[in-house]
Structures are given as structure tokens and as C-alpha cells.
Amino acid sequence: MKGKPQYTLADLIAGLDVSLQGDPNCLITGVATIQDAEAGHVSFLTNSLYRKYLATTRASAVILSGKDAEHCGVNAIISPNPYYTYAKIAGYFEQADARKPGIHPSAVLGENVKIDPTARIAANCVIGNDVSIAAHAEIGAGSILGDHVSVGESAKLDAHVTIYHHVTIGKRTCIASGVVIGSDGFGFANQKGVWHKVPQLGSVEIGDDVDIGANTSIDRGAIENTIIRNGVKLDNQIQIGHNVVIGENTIIAGCAGIAGSTVIGKNCMIGGRTNIIGHITICDNAMITATTGVEKSITEPGMYSSGVVGAVPTLEFKKNNVRFHQLGKLVERVRTLEKILKKEEKE
Amino acid sequence: MKGKPQYTLADLIAGLDVSLQGDPNCLITGVATIQDAEAGHVSFLTNSLYRKYLATTRASAVILSGKDAEHCGVNAIISPNPYYTYAKIAGYFEQADARKPGIHPSAVLGENVKIDPTARIAANCVIGNDVSIAAHAEIGAGSILGDHVSVGESAKLDAHVTIYHHVTIGKRTCIASGVVIGSDGFGFANQKGVWHKVPQLGSVEIGDDVDIGANTSIDRGAIENTIIRNGVKLDNQIQIGHNVVIGENTIIAGCAGIAGSTVIGKNCMIGGRTNIIGHITICDNAMITATTGVEKSITEPGMYSSGVVGAVPTLEFKKNNVRFHQLGKLVERVRTLEKILKKEEKE
Amino acid sequence: MKGKPQYTLADLIAGLDVSLQGDPNCLITGVATIQDAEAGHVSFLTNSLYRKYLATTRASAVILSGKDAEHCGVNAIISPNPYYTYAKIAGYFEQADARKPGIHPSAVLGENVKIDPTARIAANCVIGNDVSIAAHAEIGAGSILGDHVSVGESAKLDAHVTIYHHVTIGKRTCIASGVVIGSDGFGFANQKGVWHKVPQLGSVEIGDDVDIGANTSIDRGAIENTIIRNGVKLDNQIQIGHNVVIGENTIIAGCAGIAGSTVIGKNCMIGGRTNIIGHITICDNAMITATTGVEKSITEPGMYSSGVVGAVPTLEFKKNNVRFHQLGKLVERVRTLEKILKKEEKE
């Protein structure tokens, strides 16, 4: 067991587009929130609600914007984008499983697999035939790759990932446990009351720098491929139907569901539990708030929402529901009033 | 590596209830959409929106209805149910993992297991005691079967499927990766503020010709069994509570949730993200649109929906929400107007 | 194969706070619902809807309250909390996989693991470095534990559970198949349109006597830990974001989602498919009905709900949706009527 990591501020900011106000030799042993930090910690200030802690923080250094720096009594790492700078610095303090390159003897390999010697295949993996795994890629314990799968350079699959045949995974892409990629899309033809499976002949293409959260599932295409483009970030428990296309750098929060053949643009931000029906198009730069249901294409960038929100005491909720279901009657009552008044006016 | 499959039209339609207008010896090498097809492809026309592509398609053959056939300039496979015919023909072009019968040496078998010699147990499976696996069944890599499980003829479990003890799985049933069947139902008795687990003594019965999508979970029953009847089709990430019964040929789209003890009839169509509460009954032939919440029994066939839908710009959404929560005041204002007018009338 | 278990009523009630009206030597061979019970079964009555079956039940004994006991024609187990008593008695009839202590030879163990000799490590488990597993704990087949994980006494992980590095699991905690604990929280910093991962440096603490249902996922914290306190019960397919804290004895039904940094109090009851946004607080003893969306903190105990519920025929649903989206116009019409009447009054 090695000791805790320890870096000077000069080490931590090397190569970053930041300036330091304070002592470059100050030793940092970890990160903490601005309110909970102790000596040796580096913290960050990105949300104005936390500015009040700046005067009293015990952190040894704080990452912040130029305009906050003048109020900072400790070492200040001044950044045009403090949260990004924090992401880079926090990377020095990440702990993870020990990972050595090489193929664990318990792994089961198919025929004609090409595994780069710098790649890691962990215990109990099952790798199909004609699979290629590029340099520095990691396949976590118990993960299963079907035939003809290809995994890009430095991609990282955690434990218990399932990749069906012919799926391609880009460089530096990270996939969490429980993810299933390439299962059959949901297609059935009804013949005389019985559903018959429609073969799903496409596969799935996952781009570079994609992140996919735990227990998310992405179905293979019916004819063409399902496609997740470079830089897409998917949270946990998301369901992606067959032939969906998700554009570059789009980010989707947990429990969202995208039904088959829908095409989502670039740089979209899609909130948790959002539901998007099939066969529609979402343009680039659309922002969709959490729990929204999208039933038709969105063609203009902007922020979109649906439904009725706001948790209230259940009694009030019940009254509101009665009123909602009686809206037709209310409209009728207003119409009657309008008629009476119109009649009165005429008289 | 074998070459691409190639069939004559005569081969592809053998045994199907279709007629051919054109050349039975035309060679087909794959399927494609009507708009993207190239020479050698067979395509299909089932949606009138795509009829415009029929005149110009480069497909070598198109599967279509009799009334569309007269406008078809290429080989026509005329079918009373073109999508079903497509499903059958597409099956010739399906690629899949190489699968040889037999028990992989890395599989761990319990005592008293009965595995048909034509069945396949893939790498790293764990099979409990007293399990029976019928002819031509396939258990995918890393799948785990508890004690006393039985798997029917030609059933196909993909990789990473988990089946708890005493679950039975019917013939030709297909189960995708990440599926969990037979986990304990959610039952707890509260004693002095603390929740105590109620033992879940039932199991799960899965019928014949059932399809279950990735990461779906089906709990075991509390006393009786949870039952999924023949021909049911379940998409990905569906949650089925204990003692649910789902009737024959009912189809349920992704992310739906069915709470405990609810009984769903035959031939129902249930949309994605639908939520059905516990202890109710849904009659045969009910159709429930996506994202609907069902809080009481449905006793008449028909199409049902709930909630407020329609994504709009967030500002408009916020105004609508204020109006919704002020519905009580609006009703009051209308009532006041009615009283005034009634008084005026009397005067 | 052993014969079916069989107990006298005296055996079954030993140690419970109940009284018996009837024959303590009556033999019981199983449990059943009050309407379906046969001779040899013990049943229970907790829901008044089922009281009608009490007169005619064929059960050999019924667990019920004192006030129901006088109408009971068979042996009566009289309890102040019949459902809790049922939970205890049903435990005698639970069947499960055969489980012997010890480490299966196919399990792969890291360095410096401490496994109590009474613990059980099933086939194909992968256990990381520096893991500790306490007495009588069970790790189900194919489960994977990262480095520095600790599992408490008598904890029970089913098959295919994934636990990331540094997660701690309390005593007697039960985790179902497909659960993922400790995957990275969803944190990304945007720099010039590209999302950069924010390292997730915290872990997850799971308390004692927690239950976690199939395919549920719990992310590790960004800086501090995500915390699930003692006695919490989580159903299937729940998503818990990073840095969430869930208080003691809170129970959450299936498909709920709790976004990052939200703190939930003790003894809360949270319905299925509930969605709780991030960075808010739910007080102790709050009850939230199924499918509710919670967008701001709840500070008073009570029952809360949101949205519009009630499945209706789709045609009616469509009309209601049009009316909802025209609420602004309706309010305007009422305002016009009010102005006219006000003017009339003045005249």
C-alpha cells in the first residue's frame, strides 16, 4: 500500500491555462468542498451560493475566477473555467483498482482475436471470435464481448459490461458496469394475433470519448446501425432504441429513454427521465428539461419542457386532478357566460 | 470467415404465403431500406410515407402489398402482410455469434443437472443444482441459473442473464443480456418503524415464445408465482413486480413498470415508460399509449392515455404550470361570474 | 432432495408476540392466501377486503388481529401486527439455492483479501485486492468486488452484483442481481463545447439491514461519499446519483430516481417511478406517492404528489391536452368577462 499522493500547487497547475496567486510550493494532499476543506486541501468555487465560505475556508488553495480571486485569503488558482480546472486537478487524487496490462489466465478468448500487448483483459472475461482490442484498452472483470467486436485505443470497459457481436467502440470511451450494447432492437411483426421477431441486422457504433453510465442499454439497429457519436455522455439506466443517432457532445441524464429511429443533434442537453418517442428529430443545441416527454420533432434550438410539475400535498393534488379532468365543463361554463353577455349587449 | 450469404428470390419466398412478380432467379445478398437499397438488396414497403421511393428504388426486389405492386418497377414480392414477410426473409441475412452445442469447459455445473446434448452452455456459465436444459437451448456466456431452474427447448439466453432458483422458462423464449428473473419481490412488514422482509415463496413462470429485453427485471411471487404467458414480448428495462400475470401475446415497450399483483390480459399493447400500479386488472385487447399512468382497472378494450403531454418552450411550460396550480382560483372566478349573472337575471 | 418442511403451530409461533386460539399440535406444511389455502396451510388476514374469505377458508390456521379472531372458524394466530407475524412464519417455508460456506475454486481472488472461513464466495466471483468479507457473508456467483471493498457480517450479495472499489457494505444487507454500486457519478465540465469528466473521488457507504433490488444503480460520490443508511429498502431499477444521502428506514419503490446531492430523511416512503431532482432535502417522515416529481425541498412531514393522473380513453386525453395548452386563453376569456361585468356594474 502506497502513501497518500501529495503534490505542490506548481505540479498541479502545470500545463493548465491558469495563474497562481500565492505559494507554488504549497503541498496539496487532497480535494474537498470549500466549506469542509482542511489544511492540505484544494477546493473550488463555481457556484455563487458558496461564495460566502471563501472568507473562512481552511483550504490551502481555491480554484476560482479572476473576479473572486481578490476576496480569496488563501492560495488562489485563477482560471477562466474553474470547474474544468478542478476536473483536471482532481484527476491527480483519483483512486482506482490496480490495473496491470495483460490477459488474466481465467479469461476465455475466441479464435482470431487481436489484443494489443498494452491492453488489459481482466479476470473471467469472455472474448468472442475476430475481436480486436487496441492499445491501452481495458476490459473489466467478467465483461463479455461477442464476435467481431472492436474496442478502440484507451477505451475502458468496467466490470460486467456486455457487448454483442459486431459492435464498434471508439477511443478513450468509458463504459460502466451493467451496460448492454447491441441487444436486439424491439421489432415484431403481427401475423394473425401472434408477434414474430423481425431480425435486427444492424449493429451499434460508439464513437470516441463517449461515456456510458451503469445499467444503460443500447439496442442494435434493425437494418442500419444505431450510432452514438464522439463526445456523447450518457448517465445511468438510459434506454436507447434501435437506429437512434445521437450527435456529438450531446449529454443525457439518468433514466432517459430514446425510442427507435430518433435522431438527436449535437450539443444537446437532455434532462433525467426524459422520454423521446421514436422516428423524430431533435435539432442541434436543444435543451430539454428533466422528465419532459417529447412527442414531435424539435427544429429550433432552445429550452423545452412538458407536463405538469410541482409536488404538493396529496389532497391539493387530488383536487387539481378533478379540476383538470373537468376542464371541458369549465370551458363550457365560460362559453355560456360569454353567450349571455353577448346577448345582453345586443339587447 | 465465410462469404456473404446469397439467395435467389425463389429461395427466399419458399414456404411463404406470397406471390412473386418478376424473376425468381434474381440473386439477393442483403436487405436495405427502400430509399437506401442498392442492386442485390431486397427491401419492403409497409408505411405509405415511403411509397414515394417505390418508383426510384435501386433494390432488386421489394416486399409489398398487392395494391402497391402495380407501381413497382422491380421484382415484387406480393404479400398480404409485407412486414411479416420481411421478418421471415430478413432471417436469412442475420449474423450472430458462432454457437456450437456443448458445454464450455469453463462452465461450472451443480449436482444433478440435466443438459440435453444438443444444448449449448457457453463460457463461464454457472448452473445450479437440479437444473434441466432442454434440446437446442442456448445459455449465453456468463449467465447464471439458480437451483431447480428449467429451460425449455430452443430457448435462448444471451450473455449475462441471471435466473434465480425454481424459475421455469418455456420453449423458444429469448432473453437478452442483463435480464434478472426471480429476484425477491418487494415485500416488507413494518414493526415499530423498522421494515422486516416478507419471504418471497413463489417463483416465476415464463411461457413459450416470450421475448425479454436487456436489463429487464421480473420479481418472484410472494406466495403464488409471477407469470408471463406464451408469446409475450417485453422490451428493455421493464420492471415487473411480484405476482404480476401478463396474458398471451401482450407486448410492452421499454421502461414500463408493472407493480405487484396486477393482472394484464391477452393481446394488449402497452407503450413505453407506462406505469401500472399494483393490484389492478387490465382487460384483454387494451392499448395503453406511452408514458401513461394507470391507477385503476381497465375493463373495456380500447385505447387509453393519461397526463399532460407536448413539449413546449420552457417559459410557456412555466406559465402553464402556474395556471394549472391556480385552476381552483379560476373555477372560483367563473362561479362568481355565474352568480352575478344569475342575480342580474333575477333582477 | 429433502422432503417438504413441516412444523407444528407451536413451533411456528415460538418466540413471537402472539397468542394461539386452537390446536398447537396442528401440522403446517406451507403458506397460502386465505382464498386459495388448503388443509395444512397457514394464511393471514391483513386487508379488510379479504375478511369475507375468513368464514370459508380451508386453511389450517390464519394469522389475524384480535378483533378478527372471533370470526375465525379455524386455528387462529392472534397478533398485534399480523403481517409482521406472517413475515416471521413464512421464513420457515423459504426455499433457496443450496449454499455452503467456503471459496469456490473458480473464484479469482486479489492480494491481501480477508475472507472469514464462515463466508461463502460462489463460483466465478472476482474479488479485488485488500477486500474484507466478514463472517457468514455470501457473495453470489459471478459477483465482482473492486479493491478495498468491505462486506459486513451476514451480508448477502446475489449473483451478478458489481461493487466498485472502496465501497463498504453493512451487516445483514441484501443486494439482488444486476445491482451496480460505486460507478462514477455523472459529472462533466464543459470546456469549449466539449465535456470533460470530473473525477469522482468519493465512494459509497451502505449501512446495515439494507435491501437493494435487482438492476438498481448507486453512483459513488464526487468528493464525499454517497450514503445509504441502516434499514433502507430499495426496490428494483432505482437510480441513485452521486452524493445522495438516504436516511434510516426509508423505503423506495421501483424505478425511482434520485438525482445527485439530494438528502432524504428517515422513515420516508417514496412511491414507484418517483423522480427527485438534485441538491434538495426531503425531511423525515415524508410520504411521496408513485410517479411524483419533486423539484424543491420538502420541509414538513406529510403526503405529497404531483402531476396529472388518471388514464382515460385517448380521445378524451387529447381533448384535455388541448384544453390544458389553451389555459392561457381561458384565463384571458374569464378576465374579459370580469371586466365587462365590472363595467356594467359601474354603469
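1. In this note a residue counts as buried when its relative accessible area is under 20%, as exposed when that area is over 50%, and as partly exposed in between, using a 1.4 Å probe and protein chains only. At 8% relative accessibility, His165(C) therefore counts as buried. This residue, His165(C), sits in the loop that lies between strand S18 (162-163) and strand S19 (168-169) of chain C.

2. Before going further, please keep in mind that this is a predicted model, in which local features need pLDDT of at least 70 and side-chain atom pairs count only at pLDDT 80 or more, while totals for chains, interfaces and linings use all residues. Residues are numbered from 1 along each chain as its sequence is written, chains are lettered from A and ligands numbered from 1 in the order in which they are written, and side-chain values use heavy atoms, with hydrogens and water left out.

3. Two strands pair if DSSP finds at least two bridges between them. Strand S5 (residues 41-44) of chain C runs parallel to S6(C) and is joined to it by three bridges, and S6(C) also pairs with strand S7 (residues 75-78) of chain C, in the parallel sense, over four bridges. Val62(C) is the bridge partner of Ser43(C), and Val62(C) also stands opposite Ala76(C) in S7(C).

4. How is chain C placed relative to chain A? A rotation of 120° with 0.0 Å of shift along its axis superposes chain C on chain A, with an RMSD of 0.0 Å, which is the relation of a three-fold axis. The superposition is by least squares on the C-alpha atoms of residues with pLDDT of at least 70 in both copies.

5. The contact between these two chains, meaning heavy atoms within 4.5 Å, takes 75 residues from chain C and 73 residues from chain A. Chain C and chain A bury about 6,000 Å² between them, 61% of it on carbon and sulfur atoms, where buried area is the accessible area (1.4 Å probe) that two parts lose on being put together, summed over both.

6. Two salt bridges are found across the interface of chain C and chain A, each being a side-chain nitrogen of Lys or Arg within 4 Å of a carboxyl oxygen of Asp or Glu. One of them joins Arg333(C) to Glu338(A), with the closest N and O atoms 2.8 Å apart. On the side of chain C that touches chain A, H5(C) gives the most, with eight residues.

7. Turning to chain A and chain B, the contact takes 75 residues from chain A and 73 residues from chain B. Phe186(A), Trp195(A) and Ile223(A) supply 11% of the area that chain A buries against chain B, more than any other three residues.

Technical notes. Helices (H or I, at least four residues) and strands (E, at least two) are DSSP runs, numbered from the N terminus.
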